[in-house]
Amino acid sequence: MRIRPARLIGWLLGFLIGVVLAWLLSSCGGTAPPNEVRLPPLRPTVTPVPPTTPTPIPQAKVFDVPAVDWGDVSAFRAAMRPAFADDVLQFVDANRYYVVAELSIEGNVALIRGAERVRYTNHSQDTLDEIVFRLYPNFTALGGTMVVHSVELEGEPIQPILRARDTVLSVPLTQPLTPGQSAEMVLQFTTAAERGMNASYSMFGYHRDVISASEWHPLLSVYEEGAGWWEVRPPTNGDSLYHEDSLFETTITMPQEYVPIFSGSELETRDNGDGTKTVHYVSGPMRTSKLIAGKDYGVLSGQVEDIAVNIYYRPGGESAAEPALQFALDTVRVNNRSFGEYPYAELDVVETFVYTGMEHPGLVTASERWWERGNPLLETVIVHEIGHQWFYSLVGNDQVGHPWIDESLTVYTEYNYTLEVHGEKKAREWVQNYYDRYNAYRGRGGPDLPLNLSTSAYTDANYGVIIYVKGPLFYIELEKKLGRETFLKALQLYVARHRYGIAHSRDILEAFEEVSGQDLDAFFYEWVGWFDGLDPSVAEHAQTITQ
Ligand SMILES: [Zn+2]
C-alpha cells in the first residue's frame, strides 16, 4: 500500500496528540478533576493509530469441538432467572456458538487459542451466498490480533475471504442459503493481547495480570435486507458493536490462579491437576460474550430479587466494593421497576484498567482510577454501565449507525436513578447541570446537531455532547411533556416489544405515540432529526418555517 503524505501527517499528528493526552491523563493520577463530578463518563479523544496487518500467529494445535444438538437449548436455562428460563425456547433457531479454548500467558502476550462450532440461520427473506463474521480484536478500537487458521463448512474445509483490514471474514457458501435454512461451521482461531496494551478505551488487553477480552472469538455479523452484511469499520470515538442475540456455550482452560469472570453463568469448574482448570459456562440470549481473567480478584456478592450481583475488585479495592455493590443493587432494583425486568440470573461489576467503564451483556467494567470509596464517579459509572443492560444489551441496536438509540437512553437512566434513589432536589440539579453543559458547548460555538446521526458524522467533541448531553435532555423534556407515568409506561412497552431484538429510531417514536395517544412526530423531528418512520410533512413544514 502506498502511504499518502496527508495520511502520514495525520498519523504523526494523532501520535503527538496521543502522547500529550497520555501525559495529561497520567499527570491527573487517580483523581478526577472536580468539574467532572456528576458528569457522564465521557470517553477520551482517541488517538488514531496506523492500521497494522495482524502478526501471523502459527496454530499451536487443532481443537476438537463436540457435536451440538442444536434443537436442545435446555443448558442455557441456567443463565436465566427462573421466571425467564423459558425465554431461551425462542432461541432454538437463533445463532449459536460452542467455543472450546485455552488461555495462556506466553512472555508478554496473553493468548486465547481455540475453536468454535457455529450455527447460523438465515432469518432474512434473501438468499445468501456468504456468511460474514467480524474479527473484533483486529479493530483499531480493540488493538489486539485475531487470526482464523481454518474454516469448515458442513464438515468440509473452505477458504474464507478477509476484508476491511482483516476485521471481516467471509465464508463463501457452496450452496446458497435460502430463507429459514441453517449452516454449521467450525472456525479455528487465536486471539492475542500484548501486555500493557492500552488501545482506545482499554476495554481489550492484558495489563497488570488481568486479561480483559471483549469479543474474543469470531462473531457473526448482522445481515439486513436491503443493506446486506454489516461490514462497517467503526470510528474509535464511539461503540463498535452490532449483533443479534445468540446463545453462547464455552469451555475454557486457564492457569489455576486466574479468576474467570464472564457474561452468563457457570455450569462447572474442573481442576485438571496440572496447574490449570477448565471452566464451563453458558449465556442467556446475549449479543456477545465478555471474558475477563485476572489474578487476585476478590468478590463481594449480593442479591436483588433473584438476581445474583457480584462485585469483583482488585487488591486494595475492598473498601470500595461495598458501596459499589449498593450502587449496583439500587440500579437493578430501580431499572427493573422503571423499564422492565432484567432476565438473567447474574450480573457482574468488575474493576479493570478500562478508561471509564464499558458495557457488556451481563457484565460491566468500571475503571480502577475511580474505584475508591467516596468517589462520585464510581457511582456514576456503575449506574451508567448497568443502564446499558436495558439499552444496548436487552434492546439492541446498531451502535455505530444510530448511537443515540442506546447511549442517550442510558444516560437518561442516570437521571432516573438519581430521582429514585437521591430524590427530587438532586434530580433537578442533575438536569440543571446538563443544561449548563449544553449551553456552555453552544456558547463555545458547538453546533446543535440532530441526535440521529452515525458516530462518524460527529467530531469527538460533538459526539460526546450531542449523544451524552442533548440526548438525555430530549428524554427529560419528553417526560415533562407526557407526564412521568405515561413516559415510563412507553419505555416499558419499548423494552417489552424489543427485548432480545434490535430496535430502530422509529420504534422509540411508536412506543411513545402508542402509549400517550399523542402525535409526537414534530417533537421528535425537532430534537432527533429525520429518521425513517417520521411523517414527511413534518420535515417539509419545518423547512418552510426556517426559510
Ligand atoms: Zn454508555
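User: Which residue in S17 does Thr 250 stand opposite?

Analyst: Thr 250 stands opposite Tyr 281 in S17. Please note that this is a predicted model.

User: How do strands S14 and S17 run, and how many bridges join them?

Analyst: Strand S14 covers residues 246–255 and strand S17 covers residues 276–282. The two run antiparallel, and 7 bridges join them.

User: What sheet are S14 and S17 in, and what is the order of its strands?

Analyst: They belong to an open sheet of 8 strands, with mixed pairing. The order is S5-S4-S8-S2-S1-S14-S17-S16.

User: Which strands stand at the edges?

Analyst: Strand S5 (156–158) and strand S16 (265–271) do. Each has a single partner strand, so one side of each is left without a neighbour in the sheet.

User: What does the twist average?

Analyst: From one strand to the next, the twist averages 20 degrees.

User: Now the whole protein. How many helices and strands are there?

Analyst: The protein has 10 helices and 23 strands. Of its 547 residues, 46% are buried. Among contacts between residues at least 6 apart in sequence, 69% join residues at least 24 apart.

User: Why would residues a few places apart point the same way?

Analyst: An α-helix has 3.6 residues a turn, so residues three or four places apart point the same way.

User: What span should H8 have, and how far apart are its ends?

Analyst: Helix H8 has 12 residues (505–516), which at 1.5 Å a residue should span 16 Å. Its end C-alpha atoms are 17 Å apart, which agrees. Just after H8, Gly 517 takes a positive phi of about 70 degrees.

User: One last topic, Tyr 206. Where is its place, and is it buried or exposed?

Analyst: Tyr 206 is in strand S9 (residues 205–207). It counts as buried because it has 24 C-beta neighbours inside 10 Å, where 20 or more are required.

User: How far is Tyr 206 from Gly 294 in space?

Analyst: The two are 9.3 Å apart, C-alpha to C-alpha, and 88 residues apart in sequence.

Conventions: Residues are numbered from 1 along each chain as its sequence is written. This is a predicted model: local features need pLDDT of at least 70, side-chain atom pairs count only at pLDDT 80 or more; totals for chains, interfaces and linings use all residues. Two strands pair if DSSP finds at least two bridges between them. Helices (H or I, at least four residues) and strands (E, at least two) are DSSP runs, numbered from the N terminus. Axes are lines fitted to C-alpha atoms, for helices over the stretch in contact, and angles run from 0 to 180 degrees between N-to-C directions. A residue is buried if 20 or more other C-beta atoms lie within 10 Å of its own, exposed if 12 or fewer, and partly exposed in between; C-beta atoms are placed from the backbone. Two residues are in contact if their C-beta atoms, placed from the backbone, lie within 7 Å. The expected span of a helix is 1.5 Å times one less than its number of residues.
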